[in-house]
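Please look at the sequence and the predicted model below.

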Amino acid sequence: MANPHPQVFFGDRLVAAQDAQVGVASAAVLYGLSVYTVFPVHVDGARRTAFRLDDHFRRLEESCKIIGIDRFAHEWDFSRFTAAVRALIAANAPREDVFVRATVHVVESIPGTRVRGCEIRMSMFVYDAVPIVPQDGMRLKSSPWRRIPDNAIPSRAKVNGAYVNSVLAKQDAIDSGYDDCIFLDGNGHVCELSAANIFLVRGGTLITPDVSCDILDGINRRTILTLAAEDGIPVQERTVDLTELYIADEVFVTGTSAGAAPVLEVDGRVVADGAPGPVSQALRKRHAAALRTDEMHGWVTELD
């Protein structure tokens, strides 16, 4: 991740990045009790827009509800969130596309593990929109580390502490000479990458693990599914076996920080002819356009 831009939203105001601090004895630090979302802001001259901002706020709401961070619903609404985003972007005045990471921290110092009624603090910072995976084709490795199941730490909540699971799996992939990992569940079915959803194409059908497969219900995943349906592409959301990736016609991944990026190799097996396929390329083009200008779905929020 690139360094934060100079101004950070912290608590209820803008502060210098070095002054946005959470206590070392806070629950956020001791137990990983924070939830977050990352969304893109696109810059076109003086125009700045955020993609699916309401869905990202809803993700924070739902993550807090799942984990039990109950004060967020009383202290924040979408209007306040949008105002904070606008102030943050205006203060940093980015000239190129950026990402914004918004986090709800449990900042109370807690003797033991609990969450309800605890003090929270919102932070938001801006950083350069640098993809976390190669955009011209990546190599993936199925991980020996299994995805944390929903009845342990639910993946549909973006909980900071849960990302130790992703760190273990991605580091194993990097150490083995790959770009990223593929998580499997306890039964050996495909879940997702360390921080991206996965799709495959076979016989013209777009296939992806369904939301009961211990995945993040990704906002960009939902975007791709909507665009595919509009283009008349058959879609299946279901359980996916690892070997289906080996014989797929196309494989690609999606995420705010991943974009819509092609996969050319899985576990040492070249995907099809080793080049991005027509379905993924068409959806990638439509996804990139929707991020910036969308009149049909109402996905773009003007920030100026």
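How many salt bridges are there between domain 1 and domain 2? The count is two. The domain assignment places domain 1 at residues 4-128 and domain 2 at residues 138-292. Their centres, taken over C-alpha atoms, are 26 Å apart. Domain 1 brings 24 residues to the contact, and domain 2 brings 20.

About 1900 Å² is buried between domain 1 and domain 2, and carbon and sulfur atoms give 58% of that area. On the side of domain 1, Tyr36, Phe51 and Arg59 lose the most area to domain 2; together they make up 32% of what that side buries.

Polar contacts also occur here: eight residue pairs are in polar contact between domain 1 and domain 2. The elements of domain 1 that give two or more residues to the side touching domain 2 are β3 (34-44), β4 (47-51), α2 (53-67) and β5 (98-106). Of these, β3 gives the most, with eight residues. A salt bridge joins the side chains of arginine 222 and aspartate 55, at 3.9 Å from N to O.

Now turn to single residues. Aspartate 210 sits in the loop between β10 (205-209) and α6 (219-230). Aspartate 210 is buried but has no salt bridge. The nearest side chain of opposite charge belongs to arginine 221, 6.5 Å away. Among the residues that aspartate 210 touches are Ile215, Glu237 and Thr239.

Asparagine 165 is part of helix α5 (residues 164-175). Asparagine 165 counts as buried because its relative accessibility is 8%, and buried means under 20%. A polar atom of its side chain lies 3.2 Å from the backbone oxygen of arginine 146. Asparagine 165 also touches residues including Ile148 and Phe183.

Notes. Residues are numbered from 1 along each chain as its sequence is written. This is a predicted model: local features need pLDDT of at least 70, side-chain atom pairs count only at pLDDT 80 or more; totals for chains, interfaces and linings use all residues. Side-chain values use heavy atoms; hydrogens and water are left out. Helices (H or I, at least four residues) and strands (E, at least two) are DSSP runs, numbered from the N terminus. Buried means under 20% relative accessible area, exposed over 50%, partly exposed in between (1.4 Å probe, protein chains only). Lys and Arg count as positive and Asp and Glu as negative; His and the chain ends are not counted. A salt bridge is a side-chain nitrogen of Lys or Arg within 4 Å of a carboxyl oxygen of Asp or Glu. Contact means heavy atoms within 4.5 Å. A polar contact is a pair of N or O atoms within 3.5 Å; within protein, one must be able to donate a hydrogen and the other to accept it, and residues adjacent in sequence count only if both atoms are side-chain atoms. Domain bounds come from an automatic or database domain assignment. Buried area is the accessible area (1.4 Å probe) that two parts lose on being put together, summed over both. Lists of a residue's contacts leave out its neighbours within four places in sequence.
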